[in-house]
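We'll go stop by stop.

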Amino acid sequence: MSLFGFFKRNATSAPVARERLQVLLAHERTIVGGESDLVAILREEIMAVIARHMAVPQDKVQVKMDRGAAVSTLEVDIEIPTPVATGMRPAA
Amino acid sequence: MAKVLVVTSGKGGVGKTTSTAALGAALAQTGQKVAVVDFDVGLRNLDLVMGAERRVVFDLINVVNGDARLEQALIRDKRIETLHLLPASQTRDKDNLTEEGVARVIDGLREKFDWVICDSPAGIERGATMAMRHADIAVIVTNPEVSSIRDSDRVIGLLDSKTEKAEKGEQVEKHLLLTRYDAARAQRGEILKVEDVLEILSIPLLAIVPESVEVLRSSNIGAPVTLGSPNSAPARAYLDAVRKLRGETHVEVQKQRGLFSKLFPRRAA
């Protein structure tokens, strides 16, 4: 066992558990109270806006949420089919 | 005036049934008339932990449906005269727990007993919501572990919104029962400490039941731990819990709310 491994094994995991729970419950309490899931709403509305301008299959849109203690990030990843991929040739 | 107490947790396997049996027996040992009611329809186990599995004739669903009278379904404990069990059905479905039927059974039990202790099934579905529906007091059984604490938080939200008391604008009195606690491991930082759990859930502590082989030993022989191993640490914890529930001691272990709870108050679900 390496020296690093020895210290790492002794590192306590309870404070990590505590912090993860605090972040999680802070979010869950607001969601449960408001009946609505913010991520779900944002996802649906973003999808609707995209659908107005282009045909993108549902599974090509990825919405990711990363909830932190101070800030949360919402990541929207849309795969837009290029003309080549759809079999169309660019104008010569 | 009878009190209806629900033993609940959200998560399974944290010790609801063990605690129901132990609290029920401990209350009955003080001379109180107690009925313990198993709401885990389809997966009954309170009968087994209480050592009454071979004496079940009628069950909660029979009484709810009016197929049996309450007196016929109640099983009297062989060790303590004032302790009674109303078992769950093993063959029926939880959908048989009708709102009116359960209300009628609880009203009937209130007339006969000092304490009605409802053993909730895991989860937050019908069996669990029916078990907490008429509660005056809730004992939330929690292990010092992340998934158990998260589920307890969810259940506390339900107690504050889906119960009869909550709908009348009143509060169900809530108590935390921390079970399977290993103080040495908490000291080493391997599991969450009592203080951490209390700060996160922000409800008063009823008792800490230490991890112990005596709990398993008692359920093996079909005795509530307060009867099976009356001098063990878990039994003493449950006996202490009962003294607090009866209002003998007003030792509020944790009064002030932690910073976390002030910043993120739990809202009604």
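Contact here means heavy atoms within 4.5 Å. Keep in mind that this is a predicted model.

**Stop 1: where the chains meet.** Color by chain and select the A/B interface. By that cut-off, 17 residues of chain A are in contact with 21 residues of chain B. About 1,700 Å² is buried between chain A and chain B, and carbon and sulfur atoms give 61% of that. Now pick out Arg18(A), Leu21(A) and Arg29(A): they supply 37% of the area that chain A buries against chain B, more than any other three residues.

How many salt bridges does the rule find across the interface of chain A and chain B? There are 4. To look at a salt bridge up close, show the side chains of Glu28(A) and Arg150(B), which meet at 2.5 Å, N to O. Polar contacts between chain A and chain B come to 7 residue pairs, with both residues at pLDDT 80 or more.

**Stop 2: an annotated stretch of chain B.** UniProt, in an unreviewed entry, lists Lys11(B), Gly12(B), Gly13(B), Val14(B), Gly15(B), Lys16(B), Thr17(B) and Thr18(B) under "binding site". From this set, Gly12(B), Gly13(B), Val14(B), Gly15(B), Lys16(B), Thr17(B) and Thr18(B) belong to the lining of the largest pocket.

Zoom in on Lys16(B), which sits in helix H1 of chain B, residues 16-29. Is Lys16(B) buried or exposed? Its relative accessible area is 6%, and buried means under 20%, so Lys16(B) counts as buried. Leaving out residues up to four places away in sequence, Lys16(B) touches a list of residues that includes Val7(B), Thr8(B), Asp119(B), Ser120(B) and Val141(B).

Then hop to Thr18(B), also in helix H1 of chain B. Thr18(B) is partly exposed, with a relative accessible area of 23%. With residues up to four places away in sequence again set aside, Thr18(B) touches Val49(B), Val215(B) and Tyr238(B).

**Stop 3: an enclosed helix.** Select residues 126-133 of chain B, which make up helix H6. Why is H6(B) described as largely enclosed by the rest of the structure? Because 6 of its 8 residues are buried.

How values were computed
Residues are numbered from 1 along each chain as its sequence is written. Chains are lettered from A and ligands numbered from 1 in the order in which they are written. This is a predicted model: local features need pLDDT of at least 70, side-chain atom pairs count only at pLDDT 80 or more; totals for chains, interfaces and linings use all residues. Side-chain values use heavy atoms; hydrogens and water are left out. UniProt positions are given in the numbering used here, feature names are shortened, and annotations may be inferred rather than shown by experiment. On a 1 Å grid over the protein atoms alone, a cavity is a set of points where a 1.4 Å probe fits but cannot get out, and a pocket is an open set with protein on both sides within 12 Å along at least five of seven lines; lining residues have an atom within 4 Å of a point. Helices (H or I, at least four residues) and strands (E, at least two) are DSSP runs, numbered from the N terminus. Buried means under 20% relative accessible area, exposed over 50%, partly exposed in between (1.4 Å probe, protein chains only). Buried area is the accessible area (1.4 Å probe) that two parts lose on being put together, summed over both. A polar contact is a pair of N or O atoms within 3.5 Å; within protein, one must be able to donate a hydrogen and the other to accept it, and residues adjacent in sequence count only if both atoms are side-chain atoms.
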